[in-house]
Amino acid sequence: DRADGAALKLRGQSHLRQCVDDCKIACALDPDYTKGYMRSAEAHFMMGEPHTVQLAIEMYERALRCDPGNETIVHKLERVRMIYESDYAR
């Protein structure tokens with residue numbers, strides 16, 4: 001939990017990839033680990049590539065399935081979807 005959060009805060013591309021990898025392992029061990037999906041989404045979004053932003057949307061959707069009605073997840077998902085549509089969708 002601390003390792004993936006620390007990597008996310010460092011924000012370098014290699015650290016973001018490490019965060020995603022750590023979150024993937026954490027979520028495989030606990031498929032209901034909402035925080036893991038959220039951190040993975042944040043890291044994917046910060047990578048700033050069209051495919052990683054799409055992956056961020058998918059991770060927020062998984063987080064929302066784990067915690068339906070979580071307003072924080074709903075708002076972040078809506079924000080990333082809007083950014084994807086305006087900046088990356090063709």
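**Figure 1. The side chain of T52 and its polar contacts.** The backbone oxygen of H44 lies 3.0 Å from a polar atom of the T52 side chain. In this predicted model, the side chain of T52 also reaches the backbone oxygen of E49, at 2.9 Å. T52 belongs to helix α4 and is buried, with a relative accessible area of 4%. When neighbours within four places in sequence are left aside, the residues in contact with T52 are H44, F45 and M47. E42 stands ten residues from T52 in sequence, and the C-alpha atoms of these two residues are 9.9 Å apart in space.

Figure 2. H44 is found in helix α3. With a relative accessible area of 8%, H44 is buried, because residues under 20% are classed in this way. Apart from neighbours within four places in sequence, H44 is in contact with V20, T52, V53, L55, A56 and M59. Of these residues, T52 is also the one whose side chain has a polar atom 3.0 Å from the backbone oxygen of H44.

**Figure 3. The two faces of helix α4.** Helix α4 comprises the 17 residues 50-66. At 1.5 Å a residue, helix α4 should span 24 Å; its end C-alpha atoms are 25 Å apart, which agrees with that expectation. The buried residues of α4 are T52, V53, A56, I57, M59, Y60 and A63. Seen down the axis of α4, these buried residues fall within an arc of 165°, so they line one face of the helix. The face turned away from this buried side carries the exposed residues H51 and R65. Among the elements that cover the buried residues of α4 are α3 (34-47) and α5 (71-87).

Figure 4. A disulfide is a covalent bond between the sulfur atoms of two cysteines. A pair of cysteine sulfur atoms is counted as a disulfide here if the two atoms are within 2.5 Å, and by this rule the count comes to zero. For C19, the closest cysteine sulfur is that of C23, at 4.0 Å, which is too far for a bond. C19 is buried, with a relative accessible area of 0%. For C66, the closest cysteine sulfur is in C27, at 7.4 Å, and this distance is likewise too far for a bond. C66 counts as partly exposed, at 25% relative accessibility.

Methods: Residues numbered from 1 in each chain as written. Predicted model: local features only at pLDDT ≥ 70, side-chain atom pairs only at ≥ 80, totals over all residues. Heavy atoms only, no water. Helix = DSSP H or I, 4+ residues; strand = E, 2+ residues; numbered from the N terminus. Expected span 1.5 Å × (residues − 1). Buried < 20%, exposed > 50% of the residue type's maximum accessible area, 1.4 Å probe, protein only. Arc of directions from axis to C-beta. Contact = heavy atoms within 4.5 Å. Polar contact = N/O pair within 3.5 Å; in protein donor to acceptor, adjacent residues only side chain to side chain.
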